[in-house]
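Thanks for coming. I have one structure to go through today, and I will start with a single residue before moving to the rest of the chain.

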Amino acid sequence: MHEGAIVQSIFDSAEEIKKKENLKNVTTIKIIVGEYHQIVKEVMFTYFDIMKLEYNGFEKAKLEMDVIPAEIQCKSCGKSFNINDPIMICPNCQSFETELIKGKELYIKAITGETKDS
Ligand SMILES: [Zn+2]
């Protein structure tokens, strides 16, 4: 998935949360993103700063990102490894029988903002 599409989906979810929590302005959006998505942080921030102007109440919003390292577990030898590439071969026994156990995460962890009353 491209960064632009990811940022778009973040805003769509964030807008719903904003409505639910009755926020006037959103100041911070904190997201969790798995390394497996292979996003480029700088590109994410660039898209974020452009797109936030299209959403009402997001003009002051800042993006915070926590990246979760990708991890695979081997079904043959049972070991788990952090991987840098999306190549799913076990470094221990060279088996292809591996499973991605971490790194696919993509969700909003927290949103902060100003309420309509304050
Ligand atoms: Zn293995």
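Does Gly103 count as buried or exposed? Keep in mind that this is a predicted model. Gly103 has 20 C-beta neighbours inside 10 Å, and the cut-off for buried is 20 or more, so Gly103 counts as buried.

Where is Gly103 found? It sits in the loop that joins β5, residues 98–102, to β6. Setting aside neighbours within four places in sequence, its contacts are Gly34, Glu35 and Tyr36, together with Ile68, Pro69, Ala70 and Glu71. For a distance in the other direction, take Asp12: it is 91 residues away from Gly103 in sequence, and 22 Å away in space, C-alpha to C-alpha.

Now the chain as a whole. The protein chain has 2 helices and 6 strands. Read from the N terminus, the order of elements is α-β-α-β-β-β-β-β. The C-alpha trace spans about 60 × 25 × 15 Å along its principal axes. The radius of gyration is 18 Å, whereas a compact globule of 118 residues would come out near 13 Å. Of the 118 residues, 19% are buried. Taking contacts between residues at least 6 apart in sequence, 70% join residues at least 24 apart.

Next, the sheet. It is an open sheet of 3 strands in the order β2-β1-β6, with mixed pairing. The edges are β2, residues 62–68, and β6, residues 106–115; each has a single partner strand, so one side of each has no neighbour in the sheet. On average, neighbouring strands are turned by 20° against each other, direction ignored. β1, residues 23–34, pairs with β6 in the antiparallel sense, over 9 bridges. Within that pair, Leu23 is opposite Thr115 of β6.

What packs on this sheet? Helix α1, residues 3–20, does, and it touches β1 and β6. The direction of α1 makes about 45° with that of β6. α1 has 18 residues and reaches 26 Å from first C-alpha to last, close to the 26 Å expected at 1.5 Å a residue.

Which residues of α1 are buried? They are Val7, Ile10, Phe11, Ala14 and Lys18.

Last, two backbone angles to look at. Asn22 lies in the loop between α1 and β1. Its phi is near 60°, a positive value in a residue other than glycine. Asn22 has 10 C-beta neighbours inside 10 Å, so it counts as exposed. Gln94 also has a positive phi of about 60° and is not a glycine. Gln94 lies in the loop between β4, residues 80–82, and β5. Gln94 is exposed, with 10 other C-beta atoms within 10 Å.

That is what I have.

Key. Residues are numbered from 1 along each chain as its sequence is written. This is a predicted model: local features need pLDDT of at least 70, side-chain atom pairs count only at pLDDT 80 or more; totals for chains, interfaces and linings use all residues. Two strands pair if DSSP finds at least two bridges between them. Helices (H or I, at least four residues) and strands (E, at least two) are DSSP runs, numbered from the N terminus. Axes are lines fitted to C-alpha atoms, for helices over the stretch in contact, and angles run from 0 to 180 degrees between N-to-C directions. Two residues are in contact if their C-beta atoms, placed from the backbone, lie within 7 Å. The expected span of a helix is 1.5 Å times one less than its number of residues. A residue is buried if 20 or more other C-beta atoms lie within 10 Å of its own, exposed if 12 or fewer, and partly exposed in between; C-beta atoms are placed from the backbone. The radius of gyration is taken over C-alpha atoms; the globule rule is 2.2 Å times the number of residues to the power 0.38.
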